[in-house]
Amino acid sequence: MSDAAGVLALLAERGETLAVAESLTGGLVAAELTSVPGASKSFRGSVTAYATALKRDLLGVDEALLAERGAVHPEVAAQMAAGARARMAAGWGIATTGVAGPEPQDGQPVGTVFVAVAGPDGTRKVAALRLNGDRAEIRRESVRSVLELLAGELSANERAQDTEQNGGN
């Protein structure tokens with residue numbers, strides 16, 4: 001269940017919400033989510049922070065981290081997801097940052113992508129991707145990957161809640 005419809009159905013079933021922070025995907029994650037009828041039940045909104053300064057100003061990514069490591073870094077992705085979640089008052093936040101090409105960025109080769117999830121109770125997960133293909137393929141695969149990462153975290157979170165409700169068995 002890594003597609004947008006599946007993720008939104010799970011969020012709606014649980015009464016939870018989602019916010020998105022995007023860089024290299026330029027709004028494709030939000031477009032994918034909002035293409036699903038009824039998305040407004042769970043989708044709060046998105047920030048496309050393409051410029052590095054906007055990652056800092058709109059999403060609260062640490063300025064020193066950006067200056068030292070650049071925008072294409074796993075901790076930047078994690079902070080983007082957490083910033084989206086906090087600033088849009090959502091239960092879950094997801095983020096994409098990376099290099100779609102055609103040129104390397106921040107010392108990272110084309111196809112270097114980090115996707116992240118931030119959730120309730122401090123849940124944070126980042127996946128490092130090394131993608132092949134042209135710019136469009138890298139962006140599409142980044143969208144698929146961040147939704148898949150979220151689906152995995154939602155499923156893990158659901159299993160943990162079930163275990164708690166059943167006395168740990």
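User: What do the values rest on?
Analyst: The model is predicted: local features need pLDDT of at least 70, side-chain atom pairs count only at pLDDT 80 or more, and totals for chains, interfaces and linings use all residues. Residues are numbered from 1 along each chain as its sequence is written, and side-chain values use heavy atoms, with hydrogens and water left out.

User: Why is Ala-89 called exposed?
Analyst: Exposed means over 50% relative accessible area, buried under 20%, and partly exposed in between, with a 1.4 Å probe and protein chains only. Ala-89 has a relative accessible area of 57%, so Ala-89 is exposed. Ala-89 lies in the loop between α5 (74-87) and β3. Helices here are DSSP runs of H or I with at least four residues, strands are runs of E with at least two, and both are numbered from the N terminus.

User: Why is Asp-121 called exposed?
Analyst: Asp-121 has a relative accessible area of 79%, so by the cut-off above Asp-121 is exposed. Asp-121 sits in the loop between β4 and β5 (124-130), and its phi is also positive, near 60°.

User: What joins Gly-101 and Pro-102?
Analyst: A cis peptide bond, with omega about 15°. Most peptide bonds are trans. Pro-102 is found in the loop between β3 (92-98) and β4 (112-118).

User: Which residues of helix α1 (residues 4-14) are buried?
Analyst: Ala-4, Gly-6, Val-7, Leu-8, Leu-10, Leu-11 and Arg-14. Gly-15 follows α1 and has a positive phi, near 70°.

User: How do you know that β1 and β3 pair?
Analyst: Two strands pair if DSSP finds at least two bridges between them. Five bridges join β1 (residues 18-22) to β3, so the two strands pair, and they run parallel. Ala-21 stands opposite Ala-95 in β3.

User: What makes β2 and β5 edge strands?
Analyst: The open sheet has five strands in the order β2-β1-β3-β4-β5, with mixed pairing. β2 (43-48) and β5 each have a single partner strand, so one side of each is left without a neighbour in the sheet. Neighbouring strands are turned by 15° against each other on average, direction ignored.

User: Which strands does α5 touch?
Analyst: α5 packs on the sheet and touches β1, β3, β4 and β5, where contact means heavy atoms within 4.5 Å. The direction of α5 makes about 145° with that of β3; axes are lines fitted to C-alpha atoms, for helices over the stretch in contact, and angles run from 0 to 180 degrees between N-to-C directions.
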